[in-house]
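Hi,

Here is the structure we talked about. Have a look at it first, then read on for what turned up.

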Amino acid sequence: MKRVLIIGMTSTVGGVETFLTTLVENINFENLQIDFLTKEPLYGINMEKISNKGCKSYHVGTFRTDGFKVFKNIISFYSNHKKYDVIHINSGRSTMILYAFPLWFKKNTRIIVHSHNGDDIHRIEHYIFRPLQNMITDVKVACSIPAEHWMFGKKYEKSCIYINNAIANKKFAFSKELRSMIRSEYSLQDKFVIGHVGRFDKQKNHSFLIDIFAEYKKKHENAFLVLVGGGNTEPIKEKIEKMGIKNDVLFTGAINNVNEWYQAMDVFLMPSLWEGLPITGVEAQTSGLPCVFSDTITAEIDITKNNQFVSLNAPVDKWVDAIERCQNIERNLMGKFMADNGWDIETEIEKIRRLYF
């Protein structure tokens, strides 16, 4: 029996969390036990999903708020759980290596660091701990080349293992029935729906997204915006109120039927400040959506070649032009296309299982 401890899960419905819940829902658990070590107690849909697969969750606190108490909690945890064969760290910065420090030099424990992002707001901390992380890590994994460069440095590009942020393909493939159901339920039948999926924080650049939508709305009266994701929505809601477009924007919150909302959309908009390789971009393309990405996102995300990239320094009207260039495509074909090009979960999950064994 291989015992794996995964570090990096939270209760947020974000990219890393989606990857990890998809992992436990699809991996073959024969001779395998997976547990989770988290900063805060898990709750909600993520806790439900891992519990359904028999995974246990333990929390030790956050260094940023609990300081030395966390070191004590981590030491206590590993003292009472001595048999992990693999530590699988999933993160966007190197400081997460601290959550495995009691096992840094134990030869019978393999440490895997899996990079899911191409930047982070805590850059100084990341660069301080990166050399230590690189020295301790046994297996370096990334979702994209920018994610590898950020987490480990360019010199590890050839030795890094790349695993696509693949998804449960059939779940996100286009469904005419689901599209009709969602659009009817929310009175969107005559709307051109611009959609975005992402938690509300600086990285996702929601304020600029609202500027883009407002400008597009001036030219296209039937435009409607759907924002899917949790987090602090108040600043964005206040901005929408001031701009007079409150009735043209829908906040869904953190939901577990994101796949259905992709069907209702007509274009996917993602002006992120940075990304690794966004799972939401993979999901959107699998559902047959044309996407408009910021040019800070790696070109590796342009899988279907039906997408537009725009500079964050470009004026808003250039973003409007990009949305207008998004052509209607045969959405029914995109699910199979994505699967055939390596973006189905079964192949990528098997790569991870091989790393564990």
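Predicted model: local features only at pLDDT ≥ 70, side-chain atom pairs only at ≥ 80, totals over all residues.

Below are some notes on the overall fold and on one strand.

Residues are numbered from 1 along each chain as its sequence is written, and side-chain values use heavy atoms, with hydrogens and water left out.

The C-alpha trace spans about 60 × 40 × 40 Å along its principal axes. Of the 357 residues, 55% are buried, meaning under 20% relative accessible area with a 1.4 Å probe, protein chains only. Among contacts (heavy atoms within 4.5 Å) with a separation of 6 or more, 68% are between residues 24 or more positions apart.

Now to strand β4, residues 86-91, where 6 of 6 residues are buried. That covers both faces: V86, H88 and N90 on one side, I87, I89 and S91 on the other. What does β4 pair with (pairing takes at least two DSSP bridges between two strands)? Strand β1 (residues 2-7) runs parallel to β4 and is joined to it by 4 bridges, with I7 opposite I89. Strand β5 (residues 110-115) also pairs with β4 in the parallel sense, over 6 bridges, and there N90 stands opposite H114.

Cheers

Technical notes:
Buried < 20%, exposed > 50% of the residue type's maximum accessible area, 1.4 Å probe, protein only. Pairing = 2+ DSSP bridges.
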